[in-house]
Structure formats: C-alpha cells, structure tokens
Amino acid sequence: MVGSGAILTSLPGVEAVATLSRTQVDIFSRLFLAFVVLGTTVGVVVISYLMYNAYKYRTDAPDADGKYDVEEETDDDVVRPQLGEIPTSAKGGKKLFLSFGLSAVLVLGLIIYSYSLLLYVEDTGDVEPDMEVNVEGFQFAWAYEYDNGFETTGELVVPNEEVVGLEVSSRDVMHNFGIRGLRAKTDAMPGQTTETWFQADESGEYQAICFELCGSGHSNMREEVLVVPTSVWEQGQENYNFDNPDEFEQWYDQTIDAWKNGEFDDQLEVTN
Amino acid sequence: MSDLPPRSSVKRWLVTTNHKDVGILYLLTSVFFLVAAGVLALLIRIQLLQSGGTILSGVGYNQVVTAHGFIMIFWFLSPFAFGFANYFVPLQIGADDLAFPRLNAMSYWLYLFSGVLVLGSFFQGATFMGGWTAYAPLNVPAYIPEFGEVGSFATIVALIAFVGSVTIGSVNFLTTIYRMRAKGLRMRDIPLFSISILVTVWMMLFAFAAYLAALIILSSDHLLHTSFFALETGSGPEATDSGSLLWTHLFWFFGHPEVYIVFFPALGALAEMVQTFAGRRLVGRKWFIISMALVGIQSFIVWMHHMFLTSINLEIKTVIMVTTVAISLPFDLMVFSLIYTMIKGKIRWKTPFLFSIGSLVIFIIGGITGVFLGAIVLDYSFRGTYWVVAHFHYVMASSAVILIGAVYYWYPKMTGKMYNEFLGKAHFVTSFIGFNMLYFPMFIVWETPRRVFHYDSGFTPFHLLATAGAFIFAGSFLIMFYNLFASLYSDRHVDESPWAYASSPEWAVSSPPPLDNFPGKPSFASGKLNFLDRAGTDGGAKSETATDGGVATGDETLAPPEEHADHASWWPIMVSSSVLFAGLGISGLSVSYAVWPFALAIPAFIGFLGVEGARQDGFALIHGIYVMVAFPLTVALLILFHLGIGIFEAVGNASPYFWVGLIGSVWGSYTLAGFGYESFEVPEPKMAEQWPFESVENTKLGMWAFIASDIIVFGAFVGAYIFTRFEYGWEAWWHIAEDPSAHTMAGQALEHHPVLPGLINTYLLLASSFTVVLALTAARHKGNYSLGPLTISSRQATLGFLGMTFMGAAGFLVNKGIEWVDLYLHQGWTFGVDVMSSTFYLTTGMHGLHVIIGMLVLLFLIARTYTGAYVGENEDAGTLEYFGLYWHFVDIVWLFLFPLFYIL
C-alpha cells in the first residue's frame with residue numbers, strides 16, 4: 001500500500017522545480033527513508049552508548065549494614081555529590097558541547113534538506129495542475145466538485161499520471177482530507193480553504209479518509225478514490241465532452257459501474 | 001499547630017494545609033485517576049483488537065478516547081508531578097511550607113472536585129466526545145448530539161475548575177521558590193527538581209491562562225449561546241468562518257507548552273535520580289538549567305507546528321519550523337548531560353535507576369521520532385495518524401515512567417520504610433516490556449488513522465501485539481501497588497537517607513520529615529547545609545547540628561524566633577466543594593436560568609460578610625448594614641426573576657441543575673466570606689534568600705503573579721477579538737451588525753452602537769483608580785486630617801475613599817447596564833446574534849465580572865477597615881495595596897477594551 005514510486009528519482013535543487021517529475025509519494029518515501037536510516041543510526045548509537053556507560057560503571061557492592069545502598073567512597077579522584085552541598089557541575093562540559101554541536105548539525109542538516117522538499121510541495125512553480133477538484137467535507141462524507149462543474153458525493157475518479165489540484169473546505173465541523181496511498185492530505189475547515197495536490201503514478205483504488213475527529217461517524221468516514229489508467233481516461237475524453245458536466249457524469253457513472261463489475265480488475269495496479 | 005489532628009484521623013486529611021500532607025493527597029488522587037484513565041486506555045485497545053471495533057459504538061469510542069486524553073494529561077500526569085512538588089520543593093529549598101498553605105490546600109481540593117466533575121460527566125448522558133484537542137466547532141452544542149450536551153459542558157466546566165487549581169498552585173510555587181529559600185541558596189543552587197518545577201509553574205501561569213480564556217469562550221457558546229464557533233440559524237447550525245482556526249490557535253498556544261509542563265517535573269526528578277545513582281554530579285549543570293529555561297520560553301512560539309495543514313501560510317510555517325527544530329536542541333544537550341554524568345560513576349542498578357535509564361531510552365526514541373514530525377513534508381503525511389500517537393506516548397509516557405521511578409526514589413523518604421527491591425525490579429521489567437510492546441508497533445503500523453477503529457487488515461497482528469502490551473503494562477502496576485502497600489508494614493526502616501551520594505536537603509532530615517520539616521532553621525550561608533537553632537526556645541544558647549559528613553561552622557548568627565504558624569483550616573475544602581456544586585449546576589442550566597443562581601449569590605455574599613464579620617471581629621454597625629442590605633437586594637432580584645421567568649413557574653419547572661447551582665453558589669458565598677475572615681497565621685519568611693524579590697512581600701508577589709496570568713487571559717480575549725475581526729475584514733466588521741444578512745441571525749439591523757457610555761465609564765474607572773490610591777495613603781497616614789473646622793481621622797478618610805471607589809465601580813456597572821439593556825432588549829442585539837455581538841458581550845462582560853468581584857472584595861475591605869483593620873501604626877495596610885494592584889489592572893484592561901470595542 002505504501003507507494004514506493006520512483007524512489008530513485010534524482011533530487012534537483014529548489015530552482016529546478018519546472019516539471020513535476022516527483023510526486024508527493026516520491027518525496028515522502030525518500031525523505032522518510034532518509035529519516036528512518038539516520039534516526040535509527042543515531043538512536044542505536046546513543047542508546048548503546050548510554051547502556052555501555054551505565055553497565056561499565058556499575059557498582060555491585062552489597063548493601064552495607066543498616067544501609068540499603070553502598071557505602072559512600074570519597075577516596076577516588078572523582079568528586080562525588082555530598083549531602084547538603086551547594087550543587088556544582090562535574091567535569092565534562094567540553095564533551096557535552098561537542099556532542100551537542102554534532103547533534104545540532106545533524107538535525108539542522110536534515111531540516112534544511114527537508115525544507116527544500118517542502119518548498120517543492122508547497123509551490124509547484126509554473127506547472128498548472130491538469131485538473132482541479134473542490135473538496136468539501138461534511139459529517140460524514142466528502143463532496144467533490146470538478147472544474148467542469150460536475151458534483152458528486154460518491155467516489156472521486158481521477159486519471160493516472162496527471163497532477164490533480166485540490167481545494168478543500170468543510171461545510172460543518174473540522175475534518176482532514178487525506179488520500180493515504182497518494183500522500184495528499186490537508187485540513188478541511190469551515191470558512192477556510194486549503195490547497196494540496198497529488199499525482200498518482202499507479203492506477204488503482206485508494207481511500208479518502210478523514211484524519212480529524214469529526215463526530216460519531218468519524219471512524220467510518222472513508223470513501224473510495226479511483227485512479228483510472230490513462231488509457232481509460234483518454235478514451236473517455238474521446239467519447240464524451242469532459243467540459244460538459246452532464247456528459248462527464250455519463251462517463252463517470254459508466255466508469256463506476258464498470259469498476260464495480262470488476263471490468264478494471266486486470267488494469268488497476270493498486271487494489272485494496 | 002495544636003489543632004492539626006494526627007495522621008490516623010480522617011479529619012487530619014480534610015483540614016490539613018501542610019505541604020507534605022497535601023503532596024500525599026495529590027499523589028494518591030492522581031494514582032486513582034491514572035487507574036481510571038488506564039481502564040479507558042484498555043477499552044481503546046480492546047476496541048482495536050479488530051478493524052471495525054469490538055465493544056464500543058462510534059460515539060462511545062470518541063468519548064473514551066477523549067476522556068482518556070483529558071484525564072491522563074490533566075488529572076494524572078501534572079498532579080502526580082505536583083504531588084512530589086508539594087512534598088519536596090519546600091524541603092529542597094529549606095522552607096517550612098509553601099507561601100500560602102491554605103491556598104495550597106484549596107488548589108488540591110479544586111483539583112479533586114474538578115476530577116469528580118469530569119468523571120461525573122459520564123453519567124450526565126455522555127462525556128465530551130470531541131477529543132482532548134476539542135476542535136471547533138465540534139465542541140459546541142450545535143454539533144454535539146443532544147444526549148451529550150450536558151455532560152460535554154460539565155467536562156468543560158471541570159476543566160475550568162482545574163485551571164483554577166493550577167493557577168493557584170502556580171502562584172503559590174512561584175512565591176515560595178522566589179521568597180523562601182534557605183539563606184545562602186541562590187536561585188541557581190536549588191536542586192534540579194525544584195528548578196524544573198519553577199520553570200514548569202512559569203509556563204503553567206501563562207499557558208493555562210490562555211486555555212482558561214479559550215474555555216470561557218467555549219463555555220459562553222454553551223451557556224449563553226454566543227456564536228464564536230457556530231451560529232444557530234433557523235435552518236440549522238452554521239460554523240463561523242473564523243471559529244475553527246481561532247480555536248486551534250488558542251488551544252495550541254496552551255497545548256504546546258502543556259507538553260513541557262507535563263514533562264519538565266519528570267526531567268528534574270530524572271536528573272536528581274541519575275545524579276544520585278551514578279554517584280556523580282551532573283555534567284554541565286548550568287547548561288542543563290539554561291536549556292530548561294530556554295525551552296520554557298521557546299515553548300510559547302512553536303504552537304503552530306500543530307497546524308501545518310491548516311490555512312496558515314508558508315512564511316509562518318517556515319518560522320515555526322525553525323523555532324520547532326530549535327527547541328529540540330536543548331533537549332539534546334540535556335540527554336547528553338545525563339549520559340555523561342554516568343561516566344566514572346558508581347552506578348547502582350536500583351529500581352529508581354532502572355526506571356531512569358528505561359525512561360531515557362524511551363525519551364530518546366520519542367525525541368528522534370519527534371524530529372520526523374518537525375520536517376513539515378513528513379508531518380503532512382503523519383498528521384492524524386498513529387505516528388503522532390506513538391510519538392507523543394513515547395514522550396509523555398516517558399515522563400510517567402520517570403515519575404514512577406521517582407515514587408521508588410522518594411518512597412523511603414515519605415514513609416520511612418524501604419520498598420521491596422525485587423518486586424520493584426520486577427515491576428520495571430514488566431512495565432518496560434509492556435510499554436514497548438504497546439507503543440512500538442504503533443510506529444510500524446503508523447498509517448492507522450488516529451481516533452479511528454478501522455485499519456488495514458494487514459495491521460491486525462501489530463494491533464494485537466499492542467493490546468497485549470497494554471495489558472502487561474497495566475498489570476505491572478499491580479506489582480507496584482502491592483509492593484508499596486506491603487512495604488508500609490514491613491520492618492525495613494530507613495534513617496535520613498537510604499541512598500549513597502544523595503545530595504539534596506530532603507535527605508538530611510528524618511524519614512518521614514517532621515511536621516515543620518527541619519530540626520533547626522536551614523541555612524547554606526557557610527557554603528553547606530546547616531541547621532541553626534531556632535532561637536527563643538532554649539534561651540538563645542547556640543548549638544549547631546551538622547549534617548551527615550558535614551562540618552558545621554560556628555560563626556553563623558542565630559535564626560530568628562519562630563512565629564506560630566497555623567496548619568489546619570476547613571475552608572479550603574468547603575470553598576472548593578461549592579465549586580463542585582456550582583459547576584454541576586451550571587453544566588445543565590438553560591440560557592434563561594443561567595445568570596440567576598449567581599446573581600442571587602451576590603446578596604447572599606453581602607449578608608454572609610455581615611454575619612461572619614460580626615462573628616470574627618465583633619458586631620459593628622457595618623455588619624448590621626450588610627445584613628440589612630442583603631434582604632432588600634434579594635427581594636429586588638427575586639422580583640426581577642419573577643418578571644423574567646416567574647417564581648412559581650421556576651419552582652415548578654426549573655431543572656434540578658438550577659437548584660444545585662443555586663445551592664452551590666450560595667454555599668460559595670458563605671465559604672468565601674468565611675475563608676476571607678478566618679485568621680490564619682503564616683509568618684513572612686525571615687532570614688531567607690529572596691533574590692530578586694527581597695523588597696516584595698509574599699502576598700504582593702503572589703498578586704503580581706496572579707495579575708500576570710490574568711493579563712494573558714485578557715490578552716487571549718483581545719487576541720480572539722482581533723483575530724476574528726481580521727477574518728471578517730477589519731472595516732467590514734461594523735457592517736455585520738448593520739446588515740441583517742451578513743452572518744447574523746438578527747431580523748433587524750443594529751441601529752446604533754453608542755460610544756458615550758464607554759467614554760463615561762472610562763472616566764469613572766480612572767477616578768476610582770485614583771481614590772483607591774488615596775485610600776491606601778490615608779490608611780498609612782499618621783494622625784488625623786484637619787480640613788478647616790473639620791477633623792477627619794485617617795480611618796474615616798480610608799473608609800470614605802474606599803466607599804468612593806465602590807461608588808465609581810457601581811456607577812460603571814449601572815452605566816453598562818443601561819447600555820446593555822438598550823443593545824440587548826431594545827435593539828435585539830442578543831449575545832449570539834452574530835460573531836460581533838459575541839466578542840463584544842463576552843469580552844466586556846468578563847471585564848464587568850472583574851469589576852463585580854472587585855466590588856465584593858471592596859465590601860469586605862470596608863467592613864474590615866470599619867472594625868479596625870489596615871489603618872494605624874500596628875496594622876498592615878498591605879491588603880489595601882494588593883487590592884489596589886488588582887483594581888488598577890482592571891482599569892488598565894478597560895483602557896484597552898474601550899478603543900478596541902467602541903472606537904476603532
């Protein structure tokens with residue numbers, strides 16, 4: 001289910017955002033991978049170092065008489081805390097700052113890298129979306145309005161490999177519109193409009209899920225999103241005038257029927 | 001203290017104001033709420049055994065999820081930490097008690113009763129079901145199923161009562177830590193746990209104030225049907241354009257600091273435990289403290305990282321991303337500092353250390369997964385999924401794990417007995433395994449949507465594992481309960497300290513510590529903890545008690561003689577119980593009845609002022625006047641009540657909530673009057689380190705802290721107003737009221753919104769601010785004033801000026817009343833008719849409420865002045881001064897409100 005997409009797509013700099021060579025899925029997968037690898041490495045190193053020190057400097061002296069703990073020693077070269085002292089630091093400040101600086105560099109590097117990807121996701125530059133859909137959340141479903149004027153509260157049907165722009169709002173409470181496999185997600189708030197986009201590179205069945213608690217039916221607020229193969233979409237455009245909402249509706253209804261009858265089963269790359 | 005019963009008596013626990021008793025009450029109560037919220041968590045895990053749920057309906061699941069969050073965060077984590085804070089902060093800084101012991105007890109009882117309210121809400125139809133974030137407009141009645149309206153509102157009222165408890169506690173701890181440290185103990189020298197509490201209360205003071213404003217706005221939408229979040233139009237509810245975003249801002253401005261509020265006390269305890277069990281001083285202690293302070297400040301400018309997918313723009317997102325990443329760095333430093341402290345240590349793997357190291361592992365995982373969320377592109381996909389759930393449980397529950405360790409660490413100190421080490425270790429092992437079995441699988445199946453019981457069928461094994469882990473984690477606590485209970489009756493007695501290398505002062509006194517904490521006056525003036533003899537008890541003979549291994553030097557001066565301190569009072573529990581009843585009542589009041597229980601409580605308060613005053617200070621004319629005035633005032637209110645609703649109608653038809661509310665508010669009047677008049681001696685700290693507040697008395701510092709938090713409350717109201725107005729267009733705003741079709745339910749347009757009443761009120765308030773200063777001057781004036789042939793005593797002058805202040809305030813309210821009657825009744829511009837009226841009535845109404853409270857306090861001050869307090873050589877006029885501070889604050893607020901709501 002997790003879209004792998006073209007993980008190996010090269011990562012151009014911010015200025016190179018001319019073509020949408022990367023989908024949100026690509027960006028997420030790559031960044032997630034980078035974070036998982038680095039995060040796991042750092043976690044393993046730090047935790048191992050912690051455990052190593054905690055184990056190495058353990059003291060196994062038995063409980064002393066009348067005490068539930070070891071006898072205090074003060075005869076080694078390390079200054080130990082004493083009862084009632086005014087607290088001071090132990091040595092080791094240099095090392096502390098070294099490791100702090102190291103972690104800061106690491107975190108900042110990761111964030112600057114991810115920020116360049118954010119700019120890409122936020123601003124697709126000169127590339128206009130191939131189609132726009134207005135999404136309005138309501139308790140407990142989604143209403144779509146295509147740019148040709150066609151409206152539905154059923155499935156969202158979009159073509160594969162085209163950039164779909166979404167303008168999302170809500171007519172009652174706050175929702176969050178997310179299509180999981182396509183990594184498109186944005187809040188649906190009454191009185192506000194938010195934008196996002198996606199580009200599927202695998203046709204198939206996806207789900208539009210509500211990711212913000214919105215009332216009694218929240219757990220069931222999920223609808224199918226059908227990404228039809230490019231060929232199906234183009235064939236539809238040949239037979240129907242997609243600029244006319246009524247003709248588009250005919251094609252939409254036919255497509256949904258065909259899909260439900262299993263006619264696309266061998267064409268869809270992603271199925272639930 | 002002779003009136004404080006022994007610990008075996010139940011009465012002791014009801015009347016105590018001693019910080020150690022209150023600490024134990026906090027700990028036990030919060031553990032009770034841990035169990036309650038833990039059971040809810042198990043319900044969630046059972047529901048998630050299979051996709052689609054098992055035992056709960058959609059509504060039921062939402063309630064369980066919501067209540068689990070609320071109770072764990074507010075009624076378990078914070079109070080659990082503050083149980084330790086109550087017990088150990090005074091011990092660690094060398095104070096006999098907190099600065100305001102009675103308020104401390106009241107803080108506890110408010111916490112307990114607010115918890116009763118929130119648990120009770122389950123039995124009022126349904127508890128709140130919109131998540132602990134309570135996003136608008138799902139949080140208002142229009143979008144809550146009818147059976148859940150009362151219980152939902154009860155939850156909100158409970159939260160308000162809880163915020164009251166938190167605010168009182170914050171003021172108390174701030175004053176204590178700044179003003180009551182042992183001599184020689186500079187701010188930077190106090191033990192880390194106490195420092196972490198200091199940073200925490202600073203954050204609490206401001207963050208909870210913003211939350212209070214948000215909750216009051218929400219309550220007003222519930223009770224008065226204002227329309228901040230949704231209009232209730234004829235054709236059903238309609239969300240306002242601004243409400244949803246407004247709530248997220250208000251909530252997260254509080255909500256993010258809250259994350260650190262629950263974590264910091266644990267962090268402080270962790271540092272102490274690592275230091276003790278590693279037998280080594282903390283590496284980079286100074287930087288550890290600076291890091292904490294930095295996080296405390298920065299926590300207020302990162303809140304929008306919870307809102308990356310709302311309609312905020314890229315520039316703001318960028319700024320917030322930077323601040324968010326920056327706030328993770330001080331934590332890096334603190335973790336490294338703890339790890340380096342272990343090097344060359346003498347580490348004993350005792351139970352508290354096991355919990356420390358376990359929680360560090362957990363926190364490191366939680367921290368790293370949090371950096372994932374800081375990368376906005378990843379956050380977009382993580383939003384509303386189990387990645388978030390897993391991350392914040394790893395962080396927040398790590399603070400619970402630390403505090404469990406702290407239980408084992410301090411248990412011998414609090415009880416004088418040692419726990420069973422084997423059972424302690426067994427508890428750690430099972431809980432650590434259970435914890436990770438519970439939460440780690442959530443990272444793997446992070447694509448599960450949050451607060452949803454549907455997930456991919458492929459995720460089922462991981463959710464099964466998590467559920468199994470939840471039961472192991474929960475079960476591990478049974479080991480702890482048994483261990484701690486059984487150990488109470490064991491013969492494993494401990495002396496001052498069972499731990500080697502423990503350094504903070506609480507380990508220098510017996511276990512458990514005596515009622516007044518120290519064998520002598522603690523002092524660090526010699527560079528080391530000493531107990532000076534309390535002079536005056538043995539004729540001033542100088543003897544010194546050295547602490548373990550310490551060498552006492554004999555060149556310190558004697559501690560001043562101890563003054564008698566009171567330890568017992570019935571009033572804290574009584575005042576708080578009135579909040580329980582009033583809160584229960586208010587939760588079910590309809591809008592037409594809403595104001596009456598509280599209006600009727602006002603004459604009751606005046607009457608009780610007379611009665612209690614006569615009892616405490618001896619009968620004087622003023623007490624008679626108060627009682628006499630209370631009757632006609634009650635009658636007048638009853639007539640108004642009859643005109644508005646009809647008395648006979650009400651007796652027959654008012655819901656039980658009305659009567660409970662009435663009883664609660666009248667009981668509140670009585671108990672507040674009693675609380676005010678009770679003589680409760682708490683000596684000002686002497687021979688204490690008080691930088692930077694050497695010249696400010698405890699009560700004044702407390703007042704300042706309270707006003708600081710109140711500034712944030714009004715700041716949030718004004719911020720909400722400005723935000724809403726910008727969303728509707730700054731200039732277009734006035735047209736909302738003029739145009740019946742623009743987001744309003746008014747049938748007719750508002751004809752005029754007069755400026756004159758506001759202007760007159762500005763002058764009235766400014767004048768009253770002046771007279772309150774004159775009252776204080778007169779009170780401190782020696783001798784009489786002669787005015788031509790007249791001779792006026794300073795007492796008469798004080799009374800006169802206080803009376804003039806009262807009249808100024810009364811004039812303000814009358815003027816406001818005329819204005820409101822015109823707007824509300826004659827022009828039909830009701831509370832909820834549009835969002836503009838909502839902001840106007842609520843903000844100026846909250847200010848009006850401050851004026852009314854000020855007037856009631858004035859009545860108390862007038863009576864006290866009349867019977868001999870405040871004026872003269874031997875009397876302290878401080879109380880008048882503190883009231884003056886409050887009154888100036890109320891006036892200054894009006895100076896902001898007047899232009900904002902009348903002119904601009």
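A: The axes of helix H1 (residues 24–56) of chain A and helix H10 (residues 351–374) of chain B come within 10 Å and cross at roughly 165 degrees. Axes are lines fitted to C-alpha atoms, for helices over the stretch in contact, and angles run from 0 to 180 degrees between N-to-C directions. Helices are DSSP runs (H or I, at least four residues), as strands are (E, at least two), numbered from the N terminus.

This is a predicted model: local features need pLDDT of at least 70, side-chain atom pairs count only at pLDDT 80 or more, and totals for chains, interfaces and linings use all residues. Residues are numbered from 1 along each chain as its sequence is written, with chains lettered from A and ligands numbered from 1 in the order in which they are written.

H1(A) and H10(B) are therefore roughly antiparallel (angles over 145 degrees). Their crossing is right-handed (the near helix is turned clockwise from the far one by less than a right angle).

On the H1(A) side, the contact residues are Phe35(A), Gly39(A), Val42(A), Gly43(A), Val46(A), Ile47(A), Leu50(A) and Ala54(A). They meet Ile357(B), Leu360(B), Val361(B), Ile364(B), Ile365(B), Ile368(B) and Phe372(B) in H10(B). Contact requires C-beta atoms, placed from the backbone, within 7 Å. By class, this contact has 13 nonpolar, two polar and no charged residues. Ala, Val, Leu, Ile, Met, Phe, Trp, Tyr, Cys and Pro count as nonpolar, Asp, Glu, Lys and Arg as charged, and the others, Gly among them, as polar.

Notes. Parallel < 35°, antiparallel > 145°, perpendicular 65-115°, else oblique. Contact = placed C-beta atoms within 7 Å.
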